[in-house]
Amino acid sequence: MVRIRTTHVGSLPRPTALLDLLADPQVDPAARERATREAVAGIVAQQREHGIDVVTDGEMGKLGFFSYVTERLGGLERRPGAETVYSFAAEQEAFPEYYERYFAQAMMGGTVGTIEPVVCTGPLVYQEEEALRRDLDNLAAAVDPGEAFVPSIAPSGVGVNEYYESEEAYYFAVADALHTEYRAIVDAGFTLQVDDPFLTEIFSFHGYDEATRERRGRMYVEAVNHALRGIPPERVRFHTCYSINEGPRVFDVPLADVIDLVLAVNARYVSFESANPRHEHEYHLWETVALPADKVLVPGVITHASNIVEHPELIAERLERFVRLVGPERVMAGADCGFSSQATYRPEVDPRVMWAKFDAMAEGARLVSERLATR
């Protein structure tokens, strides 16, 4: 019997007690480490209780899905006080009143860590293997590594170059440094998830001409594959999305414009947004795009951009669309993106609502699995 498995993208709301410790620079590191380990054990248990098959640590030990790496790579320098330029400026310019309110309350509002510009000012080297080892040990203590994944940032999500002779040289240097993290995750028995919302940003927001978009997109993918060298694709998930959580989203690139690049990543599992109203129709793409035989789709069937709990029958319908097009063995139920990409006291989706969404996803996947068994 084929059973549709469930997973999500990674980041989950941190417990308030842990946030307090993460926010306090004077706290005893040992106390923070104990609290993090307890939070990982708790969040893994909750995922299991709410029907998630392939779990993770919820990024309990990280301040943000990409900002964490500034502590782990030597050669990077924070620029406190410098203006942070968000890549979705076009969206902000089109809807200024909405985003003025939105950013005061959500995404960056209430975060424990500050989002500061980061530049590369020297040779890049992975320098925090101890922090990485703690993350992996905490998760291994809570779950069989074969049933879990660990998110890690893509090379394109690491700062701005002021040291290397070219942008391409910089991204490959980042890839060399991140290879240490990627390899350690897989060697510990986990599946690696590469988080790369930055690939779609090239096509959505920057105003590049077509040739520049294609060149930069290929460079991003080549850098990812360089970081993945020697790692079996079946141990890798690749997640891409569209940077903004709840917003108009009118500048989001169509999945069709980037799918060739996404499929060129040496990863078996392809995770992407598919539940929000700007992208739900894009399942039709797989009517004309042949999914390579070694790939599995992990479409979002619940969204991180709404506090509405999707009905299990709707989730089942979403999954059945993909099952009809690529086959049940090549579909896993997922979420559009993480539910707390930054450690924050004010996650956009209320945690109780999030768990209800996970319950609905598990029920929707069960419905599809039962229907497949009777065919």
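1. In this predicted model, three strands make up an open sheet with mixed pairing, arranged in the order 1-2-4; strands are DSSP runs of E, at least two residues long, and helices are runs of H or I, at least four, both numbered from the N terminus. Strand 1 (73-78) and strand 4 (160-161) are at the edges with a single partner strand each, so one side of each has no neighbour in the sheet.

2. Strand 1 pairs with strand 2 (residues 118-126) in the antiparallel sense over five bridges, where pairing requires at least two bridges found by DSSP. Valine 125 in strand 2 is the bridge partner of glycine 74. Helix 7 (residues 167-187) packs on the sheet and touches strand 1, strand 2 and strand 4, its direction making about 50° with that of strand 2; contact means heavy atoms within 4.5 Å.

3. Leucine 228, leaving aside neighbours within four places in sequence, is in contact with Tyr182, Leu192, Val194, Val236, Val265 and Asn266.

4. Axes are lines fitted to C-alpha atoms, for helices over the stretch in contact, with angles from 0 to 180 degrees between N-to-C directions. Residues making this contact include Leu319 of helix 11 and Leu367 of helix 12.

5. Residues are numbered from 1 along each chain as its sequence is written. Local features need pLDDT of at least 70 and side-chain atom pairs count only at pLDDT 80 or more, while totals for chains, interfaces and linings use all residues, and side-chain values use heavy atoms, without hydrogens and water.
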